[in-house]
Amino acid sequence: MKKLWETLRTMSFKEAVDYIWEYYKLHIFGIVLGVAFLVSILTTIFQEEEETYELMVLSQIPYDVTDQFSQDLNEEYFDSFKIVSDNILSNGGSLSEQSPEQVQKLMARIATGMVDIMVTDETMAQEMADQEGLVNFAEVADMEALEAQGVEFYQFGKGEVLGIGTNQLDVFNDNEAFQDRILIIPASTEKKDRTKQILETLLES
């Protein structure tokens, strides 16, 4: 290093730059790549991931419709977290009548807490209620506000509100594909506070 410095002192600035580039460009490339790699790792480690809220649509509604629906919700109502939609295409009927691959996907998502709220039909909602797999809406919603809005309640014979109709919520009412559906909340969700916030927002919209 001392010898290099003594050599550079005898050169003009341009000559020094040319000299360093000629003899040390591989070292420079290595340092630049190393720094870039380190920055990339640190960014990945420390960058705050955006919180997501998982909406599962279990019906005949195609994915492009549900994806656009979730995008519209994010753009119009929510910015502190992101609603992400997923689809399991159903031809109606019970779980036993669905594709085994689709049922396996649904059960895996629910079991791992990757479904926070679901849109489905009455038959499927009833089956999940019978399996004791749903949250009572009284835990996450202002029931008086829902009732005042004329939202239809579904108890599925359990004595508590385990589902609500989509028809009286404007955000669903404006989308024909979501008419005559039921919102249910899997018991495995860990985001009841977000569910409460979302329901309050949809009631006010």
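This report describes surface patches, side-chain to backbone contacts and backbone angles in one predicted model.

Residues are numbered from 1 along each chain as its sequence is written. Because the model is predicted, local features need pLDDT of at least 70 and side-chain atom pairs count only at pLDDT 80 or more, while totals for chains, interfaces and linings use all residues; side-chain values use heavy atoms, with hydrogens and water left out.

**Surface patches**

Asp-72, Glu-75, Glu-76, Asp-170 and Asp-174 together form a negative surface patch. Patches consist of residues with over 30% relative accessible area and no salt bridge, like charges being joined within 9 Å and nonpolar side chains (Val, Leu, Ile, Met, Phe, Trp, Tyr) within 5 Å. A salt bridge here is a side-chain nitrogen of Lys or Arg within 4 Å of a carboxyl oxygen of Asp or Glu. Asp and Glu count as negative, and the charge is placed at CG of Asp or CD of Glu. Helix H3 (residues 63–76) supplies the largest share of this patch, 3 residues; helices are DSSP runs (H or I) of at least four residues and strands (E) of at least two, numbered from the N terminus. Glu-76 belongs to helix H3.

A nonpolar surface patch of about 280 Å² is made by Ile-31, Val-35 and Val-39, with areas from the Shrake-Rupley method and a 1.4 Å probe. Of these residues, Val-35 is placed in helix H2 (residues 13–46).

**Accessibility**

| Residue | Relative accessible area and class |
|---|---|
| Glu-76 | 59%, exposed |
| Val-35 | 48%, partly exposed |
| Asn-87 | 7%, buried |
| Thr-201 | 19%, buried |
| Glu-132 | 60%, exposed |
| Phe-156 | 10%, buried |

**Side-chain to backbone contacts**

Polar contacts are pairs of N or O atoms within 3.5 Å; within protein, one atom must be able to donate a hydrogen and the other to accept it, and residues adjacent in sequence count only if both atoms are side-chain atoms. Asn-87, in strand E2 (residues 82–89), reaches the backbone oxygen of Ile-61 with its side chain at 2.5 Å. In helix H8 (residues 192–204), which holds Thr-201, a polar side-chain atom of Thr-201 lies 2.9 Å from the backbone oxygen of Gln-197.

**Positive phi angles**

Glu-132, a residue other than glycine, has a positive phi near 55°. Glu-132 sits in the loop between helix H5 (122–130) and helix H6 (143–148). Phe-156 also is a residue other than glycine with a positive phi, near 55°, and is found in the loop between strand E4 (153–154) and strand E5 (163–165).

Note on methods
Buried means under 20% relative accessible area, exposed over 50%, partly exposed in between (1.4 Å probe, protein chains only).
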